[in-house]
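Please look over the model below with me before reading on. My remarks follow as numbered points, beginning with the overall fold and ending with the packing inside.

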Amino acid sequence: MDAGRAREHLRRRFQLSPDAEASLDGEGYAGPASTAVKKKEKPLPRLNIHSGFWILASIVVTYYADFFKTVKENFHTSSWLLFGGALLLISLSIAFYCVLYLEWYHGIEDYDVRYPALIPVTTATFIVAGICFNIALWHAWSFFTPVLLFTQFMGVVMLISLLG
């Protein structure tokens, strides 16, 4: 295969434009001056095997572990559950503030740069809320509690990803 055909094959294979190929040095390394070539990628479907698995697993856990019944029975008896719920509410409030108010209403897309404390505070409150939920429900499911709560969390996240 001669050099011209090899270069043409490489260009077609990686979809490099001729000017992007010109910025390659002899070893095929594109320096920092090279421009990124935008590929037209097909968007991923919202419902795929991964999200379907987590949603189905969450439904199965809810049904077979009597999730809502257990939470309802422990709602007034465990202060850990109430504290975890309050922290989860704080975490979700900050997240909605970032997405709805800052990004959609004011058009600030880089709110993490402008308000650097929001993301760590949201993450910390969410993690502490998860720990509180694990402590509150530990007597019901013992070592399965983190697995069940993580499955519920992933099911909710995948369900929300289907909406938007």
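**Notes on the model**

1. The protein chain has eight helices and zero strands, where helices (H or I, at least four residues) and strands (E, at least two) are DSSP runs, numbered from the N terminus. This is a predicted model, in which local features need pLDDT of at least 70 and side-chain atom pairs count only at pLDDT 80 or more, while totals for chains, interfaces and linings use all residues. Residues are numbered from 1 along each chain as its sequence is written, and side-chain values use heavy atoms, with hydrogens and water left out.

2. The axes of helix 5 (residues 79–105) and helix 7 (residues 118–141) come within 8 Å and cross at roughly 155°; these axes are lines fitted to C-alpha atoms over the stretch in contact, with angles running from 0 to 180 degrees between N-to-C directions. That makes helix 5 roughly antiparallel to helix 7, a label for angles over 145 degrees.

3. In the largest nonpolar core, which has 13 residues, Phe133, Trp141, Leu148 and Leu149 touch the most other members. Such a core is a set of buried (under 20% relative accessible area, 1.4 Å probe, protein chains only) Ala, Val, Leu, Ile, Met, Phe, Trp, Tyr and Cys residues joined through side-chain atoms within 4.5 Å. Two or more residues come from each of helix 5, helix 7 and helix 8 (145–163), and helix 7 gives the most, with six residues.

4. Leaving aside neighbours within four places in sequence, Leu149 is in contact (heavy atoms within 4.5 Å) with Phe67, Phe133, Asn134 and Leu137.

Notes. Parallel < 35°, antiparallel > 145°, perpendicular 65-115°, else oblique. Buried < 20%, exposed > 50% of the residue type's maximum accessible area, 1.4 Å probe, protein only.
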